[in-house]
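Here are my notes on this one, as numbered points. Have the model open while you read.

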Amino acid sequence: FQRTEAPRPPGAKDLHVYPWDKSSLKSMPVDLQQFEKLDAYALKVNVKNSVEELVKALLKQARTDLEKVRAIWIWICHHIEYDVVGYHNKSQLSSKPRDVLQMGKSICEGYAELFEHMCSLAGIQCKKLSGHAKGHGYKTGQTFTGDSDHAWNAVYLEGRWHLLDSTWGSGSVDDSFTKFTYRYNEFYFLTHPALFINNHFPDNSNWQLLKPTLTLKEFEDNMLHNSNFYTLGLLATHPETPIIQTVKGKASVSVDCRLGTLFMFKLKGTDEHGLMTLKKYGMTLDIYPQKTGRHKLEIFAKPSKAEASDDVYKCVVEYVVECESVDEAMRFPKDLQQPVGPSWFSERQGFLRPSYREPVLHTNDGRCSLTFTLGKDISVLTSLHTDGSSLAEDMGRRHVLQTHRGNQVELKVHLPHAGSFVLKIYSKKKSDPGNYDYIFNYLIRCLNTEVKWPAFPQSYSKWLQDYEILEPLSGRLPANRNVQFKLKMHGIAKVLVQAENIHPLTQNRGCWEGTCNTSGCREVFVMVHENANHNFYSHVLKYEVETQ
């Protein structure tokens with residue numbers, strides 16, 4: 001073993017600019033793929049009798065100082081567990097490197113001392129640092145007083161000081177602080193100082209390795225972004241303060257990120273009281289708490305192209321929302337699903353060029369229309385929902401009319417009454433026999449209490465996707481009246497409208513037209529002859545007739 005000289009204090013060339021320049025998560029270039037062999041070797045080293053023997057074994061595969069530090073880091077993170085019992089009873093606890101190795105467990109102090117000792121045996125300058133950390137038990141917005149509560153290390157590599165935290169690299173403790181779980185975290189190895197300061201505040205501010213350095217007050221007031229936040233490629237949150245006040249019952253939050261990240265949120269454990277929209281480079285969220293007081297808001301994220309192992313939402317940031325007044329008009333129907341409105345996600349599922357890009361549609365007369373260009377081979381299903389029992393499921397389907405023209409689909413919506421409605425859009429591949437998958441939804445609002453649109457006519461399986469109803473659009477026809485019919489259908493020999501009597505329609509420029517009298521019947525059917533040689537009719541549409 002070579003002797004290491006006494007660590008030099010940090011100087012100008014060790015400093016990084018604050019705030020973070022969004023370049024790298026680490027303070028020096030590190031190629032993790034080049035570490036794969038070394039990591040695998042270090043993991044398997046099984047020496048417990050002395051620290052010297054352990055370091056000797058680890059260094060067999062390590063040439064550069066960086067590789068030596070890496071081997072020590074990997075070994076400690078996978079072989080020393082956090083001592084939850086010892087944490088509660090510190091008098092019994094030794095953080096001497098030899099004892100930590102023998103016990104195989106310790107608290108942060110022991111991790112940092114073992115790291116420092118192993119580095120010095122390997123001839124690498126390393127220093128144990130102590131300070132305040134936003135770790136287990138941290139409450140948003142809290143202040144730090146008294147002695148430091150955490151320890152970590154600085155290592156000297158390639159002419160500069162770098163930071164790491166092997167305690168947090170090794171895993172995590174559960175909420176009740178009774179159980180430790182190994183969960184390796186790459187983030188805390190040579191973390192960029194402008195990110196490390198997010199949750200580590202050293203007693204000696206020179207060891208922030210930042211220019212300018214932060215005050216304790218700034219550290220306390222800053223947003224806590226945990227390692228998931230940066231590992232998932234997220235860049236920033238707005239507002240940048242962890243405590244937000246509502247204005248007229250509303251608070252807004254947004255996250256900036258790199259491409260293709262999915263988000264969800266919980267306000268007091270539920271996502272009912274917000275409107276979240278996905279953006280190409282992030283998300284925006286408006287929340288409307290329905291109770292006054294202080295509420296916890298958690299935001300979760302996951303990559304959209306996740307490997308199965310990563311396919312879970314991870315909490316990336318927490319706010320406290322202080323709500324003084326409630327905006328009851330902004331209660332959302334319970335069927336509303338987050339995110340709301342079209343996005344890159346619905347585009348990826350084949351709903352291109354939405355005519356309306358906002359999450360909320362306001363209609364004054366209770367009608368609205370949306371168009372999309374559809375990707376290849378897509379079949380669409382829609383339904384309308386509202387709170388209360390005014391729309392049973394089959395009726396929810398019948399208040400939306402789908403019309404296809406080439407690769408465009410138009411969705412006409414006629415609301416049965418004023419209020420807040422959810423338009424849900426599902427799809428599947430036409431070639432797939434299976435079920436439809438939910439894709440996205442809109443919120444539709446109408447304040448006009450006069451509104452009372454009947455459902456569209458009921459259609460049967462022989463009504464093809466690219467047929468079109470021009471009139472009558474209402475599924476409820478007036479009694480004792482002549483009603484004009486005009487339908488666009490192709491590849492058909494004959495069309496009849498069956499009321500009390502049968503009324504044939506005539507073909508005129510691609511449309512079938514004619515009138516039908518509704519007296520003396522309760523229902524009117526449209527029937528088609530697909531082949532002139534058959535006398536077999538198929539039902540395609542059904543209308544109801546109002547009772548007098």
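1. Let's start with K128 and E109, whose side chains form a salt bridge at 2.4 Å, N to O. By salt bridge I mean a side-chain nitrogen of Lys or Arg within 4 Å of a carboxyl oxygen of Asp or Glu. The two residues sit in distant parts of the chain, 19 residues apart: K128 belongs to strand β4 (residues 126–133) and E109 to helix α6. Helices (H or I, at least four residues) and strands (E, at least two) are DSSP runs, numbered from the N terminus.

2. Before going further, a word on the basis: this is a predicted model, with local features needing pLDDT of at least 70 and side-chain atom pairs counting only at pLDDT 80 or more, while totals for chains, interfaces and linings use all residues. Residues are numbered from 1 along each chain as its sequence is written, and side-chain values use heavy atoms, leaving out hydrogens and water.

3. K128 also meets E113 in a salt bridge, at 3.3 Å, N to O. E113 lies in helix α6 and K128 in strand β4, so this pair ties together parts that are 15 residues apart in sequence. How exposed are these side chains? K128 is partly exposed at 23% relative accessible area, E109 is partly exposed at 28%, and E113 is partly exposed at 21%. The cut-offs: buried is under 20% relative accessible area, exposed is over 50%, and partly exposed is in between (1.4 Å probe, protein chains only).

4. Elsewhere, E410 and K412 make a salt bridge of 3.4 Å, N to O. Here E410 is buried, with a relative accessible area of 10%. Shared partners also join K26, D39, R70 and E186 into one salt-bridge network. The whole structure has 20 salt bridges.

5. Now helix α2 (residues 51–59): V51, L54, V55, A57, L58 and L59 are buried there. What covers them? The cover includes α1 (36–44), α3 (65–79), α5 (97–103) and α6 (108–121), with contact taken as heavy atoms within 4.5 Å.

6. Last, have a look at the open sheet of four strands, ordered β13-β19-β18-β15 with mixed pairing. Its edge strands are β13 (243–245) and β15 (261–267), each pairing on one side only; two strands pair if DSSP finds at least two bridges between them. β13 runs parallel to β19 (residues 314–323) over three bridges, and I243 has V320 as its bridge partner in β19.
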